[in-house]
Structure formats: C-alpha cells, structure tokens
Amino acid sequence: PPAFDWLENLFLAPAERKLFPRISHFFVHIKRRIDYLKKVAHIPMSKISFQNNGIDFDRFRPGSRASARKKLSIPADAFVILYVGVMTQTKGVDKIIEATNILRAKYPHVFLVLVGAAKTDPLYEKSKRESDKLVHLVDNSLLPNYYQAANVYVFYGTKKTIEYAGVGTAPTEALATNTNVVSTNLKHLPDTVASKAGFIPRDFDDFVKKIEYLIKHPEYSFNARELVYPYTSYKCTTENILHVYEKLFSKSNKK
C-alpha cells in the first residue's frame, strides 16, 4: 500500500542503490518502477526496457462489428461497453457498473458486457444483476469476437492497481483489435504513445465523460493497433529480449 512507501525508501532504496548497478538489464512494465530505477537507484535508461506482456496480434485483430454481434447475440444498434477480467473492485468493476447506470439513464441504447466472470468473484452477484450480458470464462480463441463487438473497452483501477498493474492484458487485446479504450492504466505505455492510444481518465467523473464522448461520437476511433504494436506484440517483445541478450552476451564474450 502507498502508506508504506516510506519503508521502501528507508530500508530497500539504500541497498538497491548499491546493488542494482550490478544488474545488466531491467525489463519493466510499470511506469512507477521505471521512474524509481532512474531517480532513486540511478540506473541509466540504456539499461531499462519497457516490456509489456506480449499478445498475439494474429489472433487479436480488427473484424466486422456486425458479424461479431450476430455471433454473440448482442443488439446491432447498441453502444457496447466491454470489460474483460475478474469481477473485483480492484479492477473497477463496481465503477464500470456505476458509470454504465449513469450513462444508461441518458442513453438507453448503452449495453454493458462483462466477460470472465466466476461465481467466486467478489462482485459476481452485482455483475450478474446489473450487466446486460454476463459471460463466464471463455476460450482465448473466442475473445476477439467480444472486442470486435464492442464500441469501447473500459478499465478503472483502484489507486494501487493504477500504480502497479501495468497496462494489462485485456486492454492490450482491445487495442490490438482497434477497439477504443478508456483506461486508467494506459498511462503505463511510453509517454509518446499513451495519450494517442486511448483515453486516460483523471477521476471517476472524467471516466464517465470520456465514455459519453464516445457515445456522442460513435465514429471516433483511436485506431491504436499499429501504434502499440512495437510495445505489445509477442513478436516485438520477443525480438527485444533477444536483442538485449545478444548485446549482453557480446559484451561478456569480449571480456
């Protein structure tokens, strides 16, 4: 918890400033930790790579919204808000439901789809009661249909989730399908990419406003697939790892 940050500064930081320079390279997917490595542990950026969890861009790709909705029995004329993951407060499912209820009062065609539910999830009953379509765990090969059917993918993390969860796999899958994303955690993407990939809400009211903007402008699209590809595809993340290792082994052999 953030309340214990002082413990890190008092006990861990001195040791890490001493020991971390011995480490050849850091692969990091959390912006807060990149800042820590640079500013506290004094690690040069040449030894740090942003390394998000890679996804299969051949599987998660744009497709026909009409076709996907027909397969999933989702109304063709609805504005579909999608979330994929565990039904918990830490991932903002309660806030997603609250935002949907606010917007549904103004826009009756809003349709909330929650995917990945399990009966043991803390917010399972609330999700079942207040969503328009609750879907349990599905095979990964079927997930692209849900992203293709959606108008927007949403994620609203708690303070701790925002700081430490990284971009997240499901938001990345949505980006790969060119589905618009409104997520607190897009901030973990590199600064040159983050604001161009989707909307990053400042707070809950802004979260609602960002979704409403997309309802009012249904043709608006970030089309972020190509933008995030170098940072989130299996191909690129694997190539980056191999490139870093090749340089490290090359230096080691020269010694």
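This is a predicted model: local features need pLDDT of at least 70, side-chain atom pairs count only at pLDDT 80 or more; totals for chains, interfaces and linings use all residues.
Biologist: How is the orientation of helix 4 and helix 10 to each other described?

Modeller: Two packed helices are described by the angle between their axes and the distance between the axes. The axes of helix 4 (residues 93–106) and helix 10 come within 10 Å and cross at roughly 50°. The contact is made by residues including I96, A99 and L103 of helix 4 and F207, V208 and I211 of helix 10. At that crossing angle, helix 4 and helix 10 are therefore oblique to each other.

Biologist: Is K210 buried or exposed?

Modeller: K210 has its place in helix 10 (residues 204–216). Leaving aside neighbours within four places in sequence, K210 is in contact with V182, F199 and R202. Its relative accessible area is 16%, and the limit for burial is under 20%, so K210 is buried.

Biologist: What is the handedness of the crossing of helix 1 and helix 2?

Modeller: The axes of helix 1 (residues 5–19) and helix 2 (residues 31–39) come within 12 Å and cross at roughly 50°; the two helices are therefore oblique to each other. Where they meet, D5, E8, L12, A13 and E16 in helix 1 touch R32, R33 and Y36 in helix 2. The crossing of helix 1 and helix 2 is right-handed.

Biologist: How far apart are the end C-alpha atoms of helix 12?

Modeller: Helix 12 covers residues 234–254, which makes 21 residues. At 1.5 Å a residue, helix 12 should span 30 Å. The distance between its end C-alpha atoms agrees with this expectation, at 30 Å.

Biologist: Why do the buried residues of helix 12 line one face of the helix?

Modeller: An α-helix has 3.6 residues a turn, so residues three or four places apart point the same way. In helix 12, C236, T237 and V244 are buried. Seen down the axis of helix 12, the buried residues line one face because they fall within an arc of 105°.

Biologist: Which exposed residues does helix 12 carry on the face turned away from its buried side?

Modeller: The buried residues of helix 12 are covered by elements including strand 1 (26–28), strand 2 (48–50) and helix 11 (225–232). The face of helix 12 turned away from that buried side carries the exposed residues L242, E246, F249, N253 and K254.

Biologist: What is the phi of H42, which is not a glycine?

Modeller: H42 is found in the loop between helix 2 and strand 2, and H42 counts as exposed at 55% relative accessibility. Most residues other than glycine have a negative phi. H42, although not a glycine, has a positive phi of about 60°.

Biologist: How far apart in space are K133 and T88, C-alpha to C-alpha?

Modeller: K133 lies in strand 5 (residues 133–136) and is partly exposed, with a relative accessible area of 21%. K133 and T88 are 45 residues apart in sequence. From C-alpha to C-alpha, the distance between K133 and T88 is 17 Å.

Conventions. Residues are numbered from 1 along each chain as its sequence is written. Side-chain values use heavy atoms; hydrogens and water are left out. Helices (H or I, at least four residues) and strands (E, at least two) are DSSP runs, numbered from the N terminus. The expected span of a helix is 1.5 Å times one less than its number of residues. Buried means under 20% relative accessible area, exposed over 50%, partly exposed in between (1.4 Å probe, protein chains only). The arc is that of the directions from the helix axis to the C-beta atoms. Contact means heavy atoms within 4.5 Å. Axes are lines fitted to C-alpha atoms, for helices over the stretch in contact, and angles run from 0 to 180 degrees between N-to-C directions. Angles under 35 degrees count as roughly parallel, over 145 as roughly antiparallel, 65 to 115 as roughly perpendicular and the rest as oblique. A crossing is left-handed if the near helix is turned anticlockwise from the far one by less than a right angle, and right-handed if clockwise.
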